Every structure is written in C-alpha cells, then in structure tokens.
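Dear colleague,

After it come some notes on what was found, which I would ask you to read with the structure open.

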Amino acid sequence: MMAINTVLSVMAYNYPTEKLSVYVSDDGGSDLTFYALLEASQFGKHWIPFSKKFNIEPRSPSAYFSTKSDPLVDNKVLSSIKKLYEEMEHRIETASKLGRIPEDIRIKYKGFSEWDSVSSPRDHQTILQVLIDRRNPSAVDIDGVPLPTLVYLAREKRPSHPHNFKAGAMNALIRVSSKISNGTIILNVDCDMSSNNSESVRDALCFFMDEKQGHEIAFVQYPQCFNNLTQNDIYGGALTVIQEMEFPGLDGFGGPLYIGTGCFHRRETLCGRKYSEEYKFEFVKSIDNRVQESITELDVQTKILADCTSEKGTEWGKEMGLKYGCPVEDVITGLAIQCRGWKSVYFNPTRTGFFGIAPITLAQTLVQHKRWSEGDFQIILSKYGPLSQGVGRIKLGLQMGYCSYCLWAPNCLATLYYSVIPPLFLLKGVSLFPRISSPWFLPFAYVVITEITYSLIEFLLSGGTFQSWWNEQRMWMYKRTTSYFFAFTDTCFKLLGYSDSAFEITAKVADQDVSQRYEKDIFEFGNSSPMFTILATLALLNLFSLVGGLNRIIKSRDINDLQSMFLQILLTGIVVILNLPLYWGLFFRKDNGRMPTSVTVKSSVLSLTACFLILY
Ligand SMILES: O=c1ccn([C@@H]2O[C@H](COP(=O)(O)OP(=O)(O)O[C@H]3O[C@H](CO)[C@@H](O)[C@H](O)[C@H]3O)[C@@H](O)[C@H]2O)c(=O)[nH]1
Ligand SMILES: [Mn+2]
C-alpha cells in the first residue's frame, strides 16, 4: 500500500499526463507488488481526474484521506472515491495476508504467468510489464483523458551475478525507460517517499529550463522530509541542521549532494555526459523522442536491458548511471557528476515536496547511519573522493562540505576516547584536564561553551525545539560510538580484504506495539545487537565512574580535588544524564522494548571489569 501510494502520488502531478511515465522497480520480484500496481492502475483512473478536478494536496491517497476535510471537495464524490480506495486496500491486504493472488484475477491477466518460473526473489528472469501504455487509445481515465504510462520492472537476478542493490536497480530502470518513454528529466523517489506537492515537476523544470543558468544544472535535489516524526524526535530523524543549514550552505558552493530520493536528474548527465559551455539543451526539439515501436517488439528488445548480462563490458556502474560498490551510491554518483563540471540545486519550497518514512527504532536508525557513514568514509578513501578527484574540480567549500560527512566514521575514535578515558580516570582519581583556577582552563571552557551554544542556536534557527536538540545530542553520541565505530572498523577490514559492504534495507513495517512506543517517544531497545552492548557498557561505565569519583571527592573533603576534577565530572555527568532513558531500559522497564537481559548482563560485566582494572 505504501508503494502504490507513492506511485499514485507521482502519477497525479500537475503535468500533462502524456509526458509523464512512471516506472516501478521491484527488487523483491513479488507478484503481490505487481498485483497491487495493477489495482493502482485501475484506481488511478478515478484518482487522477479527482485530484486534478479539485486540485487537492497531497496526492498520495492515504496521506490525503488523513488530512482535514477540504471544503472545496464535493462530499459525495469524496466518499465514493474513498470507498473505492478502501475496497482496493482491502483486496490488496487480503492478497498479501494469504500470500497469493485471487485465482480469477490471476487468470484474467496473463502477466502473472511470469511468476510461474520465479523460484526466489534472488533468482528469476526479468519481468517487465507495461501496465498503462499511453500509445494505447484505451489507456484513459474515467473522463477520457490519457493516463500516464505505468511500467513494472523486476530486473533479472541470479545468485551468480552481483545485483548491486539500489544502484543496480536504478541503472536497469534508466536503460529500460530509455526504450519506452526516454524522458529528458528523471525524478527518482524511494518506495516510501510520496509526493506532497503537485507542482514539483514544474518547479524543478524551472531550474533546468532557466535561460541563463539552466544548462549548467545536472540535478535538483529536494530535502528528504519525513511525515512520521514525533514531536521530540528521540532518534534525531529530522536531520534538521543538515536540511536547513548545511545543504543551503553547500548550495552556495556549487550545489548539494545527491541524496538518493526526491531528486530530478537530467537523463544525459546521469548517463555520464560531461558539462561543456557550448552545450545548450533544446527542450523543444526533444519533446517527441518517444519510441514508436509496437508494444510486443518493444517488450523483447527492452527486456534484455534489465538482464544480468546487459552490463557486461559496458561503463554502467562506473562512468554511466549510478556507481556500484559503495553503500551510498547516491552521494558518490552526485559527486562524480559535480566533478564533471555540473552544478546542482537545493530546492526547499514552503510546501514540502516529498515525504518519506524515517526509521522508528533505535536499531534501525543506527544501522542506517552505519551504512551512511561507512559509504561516505569509503568515498573519501576512494579515487572519487572530494580530496582526490574533487581537487580543482569542485569548489573548496564544497570539498569541505563533503568532508564533514565523509569523516563521520573516523570521528568515532575521539568520541570513544572521551566516553571511556576521562570517566575511568575520574574513578581512579587522576586529573586529565586543567583545574578551574588555572588559566589553561579557559580554552577548554571556551570550546565547551561555544560548541554547545552554537549547536543549540543552529538547531533552534533550523526550526527545532530545545527538547529535540537535547535528544539529538544523545543520538550524536550513540551514532558515534556505534554506527560510526562499526563503519570505521568494517571499512578497515574491507581495505584489508576481509569483508564486503552491502546495502542493509531500512525496515518499512513495524509491530503495532513498536509503533505505539515510537509515537510516545519511548526508546526501543528490544534486541540484543552488539551496538546496544556498546551503548549500555559505556553508559554504565560512566555511571559507576561518576558515583565512584564523586564518592572519593566527597570523602576527601578537599576543594582542590573538585577543582581539578571539574571537567571530568562535567563530561561524565552529561553522559550519565543523556543516558537516563537507557538505564531505565536496562533495569526498570518491563515491556518488549526494554534492553534484553543478555545485554544487561554483558554490559554490567564489561563495565565493572573496566572499573576494576583501572582501580586495581
Ligand atoms: O537492493 C536494494 C536496496 C534498496 N533498494 C531501494 O532503495 C531505496 C532506499 O532504501 P531504504 O532501505 O529506504 O534506505 P534509506 O536508508 O531510507 O535510504 C537513504 O539512503 C540511501 C543511501 O544509503 C539512498 O539511496 C536513499 O535514497 C535514502 O533515502 C528503497 O526504495 C529500496 O526499495 C533497492 O531497490 N534495492
Ligand atoms: Mn528509506
């Protein structure tokens, strides 16, 4: 349902339907997805004219039905379309509960027969189905207006061939679409990211078609916004500062990063074309570049393009399309495009362009950030990095901008050091920082105060609240000590040739009680990931050190001790306060989202051992 809401939202853009084609890549290779899409193509015949007639926003049906009622929409029409939607939803959900397609439908559409030869999602032939073909005169909505083309693609997958994750899927789509509609501009969205603004296509085109500067622009990136964030945003999912401060900043140095979704690309640039001054694209001439072959011929010719062997001996994944071998295919591809001389644009209109789904558990968030920081770190180490290929090709400011993300992973070292060494030495009674009365205390005080004030001001100016800033500080620490740490070590192993990096998909569905806890801003631990053991060990280590250290100082009744230990007490104290929800999860919670007992035991043993080792 989520995916077809995305599809319907982009099919209903305010844009001439005969110039709009929608391609769905199903890397799961599931007949249920195909079935859902088939249903969506039928429902679209009602939905598209409805949304245009009443000019509704947003155009994802589920998002629209959950908004406040719109006085301009005829109630009778609304309830009938809502009924159609709910019936469709019911059919799709029944089919997915049963795990199979109703027999009558299966017989009616010959497309389903493709699945007779599918043995598993990772081992099947290419399945390409044109669900709505605009060359077909009967492909019209209930008012007789042509519908946008709709294509389903499950590229071939064989265990013997690397499929290259999302980048591989995108490249297959680029090739297949070049044979069917060959649009000049490609918008790419994740399956969970629906359009929230029906003008986005026209808006983006304004940049590309600008008479003075349009020809320099390779892609127009919208911010990645989420509509499932909670008020206090305990997992820092809003990425507030990145979207509101950093990306606009990068825009001034040649343009933002490509972040994989909500992005309009020039097809040609994405396929590897270099920028040149003389090159001016003629939009008018190229309007009718659709392919004229009949659908059956097309099918055979086009299908091959999504086969495993179609990339053999080509530049796909290297100089053409999205690059392979990096967990953040988007960022590395965008950087390569900018290094070829192109600019990008960051566009953040008042009416949000797209809404996606942010991870709703701590584990998902940390895994996502592991992928990001690992990918970004690999970029800087590769020959395509901002400090290698980027030198002289992009502006210094942009190089620095890329570096601030690419160096996330090695940043774990400093954070791990500060969350282990100062507390342990506090416990032992060894002072590591200057005492308050010393002039050397000033630089430390300066750094602490300015860093905190700056980050708070930046956060508030970006539209965040104090509470969510505080929560973000916790996530800052958690990401550095786990996601970035694993990303760093995995990359080192990879360099030594021990492992390979993959794209771990962010979960899109959750148990009801998980979602409920998320909505109440209650931390979700609930699994025994090694990341949680690290977090719990560090939290306990700081707690024991703080208690032990303060105890020693109080007993000694010496003000000098307090003076010389002040910074260590402050640091350890902040870590402990930030970790309050974690202690709660370790010792007091009874629900399924608490820390598993195994983590409690492991982390207690580890932290106590560290404390004993330093003491004795
Ligand atoms: O083998 C794969 C893996 C992923 N995907 C698709 O890639 C998209 C993004 O995957 P998701 O699991 O939602 O990852 P996120 O962490 O949310 O992705 C963010 O980070 C990625 C780079 O790491 C970018 O590509 C995404 O656009 C960006 O939203 C989804 O539509 C997936 O269906 C594939 O098609 N094939
Ligand atoms: Mn996602």
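Helices and strands in these notes are DSSP runs numbered from the N terminus, a helix being H or I over at least four residues and a strand being E over at least two. The model is a predicted one, in which local features need pLDDT of at least 70 and side-chain atom pairs count only at pLDDT 80 or more, while totals for chains, interfaces and linings use all residues. Residues are numbered from 1 along each chain as its sequence is written, and chains are lettered from A and ligands numbered from 1 in the order in which they are written.

To begin with the ligand, the shell around ligand 1 draws at least two residues from each of α6 (165-180) and α12 (362-381). There are 19 residues around ligand 1, of which Phe165, Asp190, Gly260, Thr261 and Thr506 come nearest; a residue counts as near if its C-beta atom, placed from the backbone, lies within 6 Å of the molecule. By class the shell has eight nonpolar, six polar and five charged residues, where Ala, Val, Leu, Ile, Met, Phe, Trp, Tyr, Cys and Pro count as nonpolar, Asp, Glu, Lys and Arg as charged, and the others, Gly among them, as polar. Phenylalanine 165, which lies in helix α6, has a positive phi near 55° although it is not a glycine.

Helix α12 also packs against α11 (residues 329-339), at an angle of about 35° and with the axes 9 Å apart; axes are lines fitted to C-alpha atoms, for helices over the stretch in contact, and angles run from 0 to 180 degrees between N-to-C directions. In this packing Val331, Ile332 and Leu335 of α11 meet Gly375, Asp376 and Ile379 of α12, contact being taken as C-beta atoms, placed from the backbone, within 7 Å. The residues of that contact are four nonpolar, one polar and one charged.

Turning to the sheets, one is open and has four strands in the order β4-β8-β6-β9, with mixed pairing, two strands being paired if DSSP finds at least two bridges between them. Because β4 (185-188) and β9 (343-346) stand at the edges with a single partner strand each, one side of each is left without a neighbour in the sheet. The twist from one strand to the next averages 20°. Strands β4 and β8 (residues 263-266) run antiparallel and are joined by four bridges, with leucine 187 having phenylalanine 264 in β8 as its bridge partner. Helix α7 (residues 200-208) lies across β4, β6 (217-221), β8 and β9, and runs at about 150° to β6.

A further open sheet has three strands in the order β5-β10-β7, again with mixed pairing. Here β5 pairs with β10 (residues 354-356) in the antiparallel sense over two bridges, and serine 194 stands opposite phenylalanine 355 in β10.

The peptide bond from glutamate 57 to proline 58 is cis, with omega near -15°, and proline 58 lies in the loop between α2 (31-53) and α3 (61-65). Elsewhere, helix α18 is followed by arginine 557, whose phi is positive, near 50°.

Conventions:
Two residues are in contact if their C-beta atoms, placed from the backbone, lie within 7 Å.
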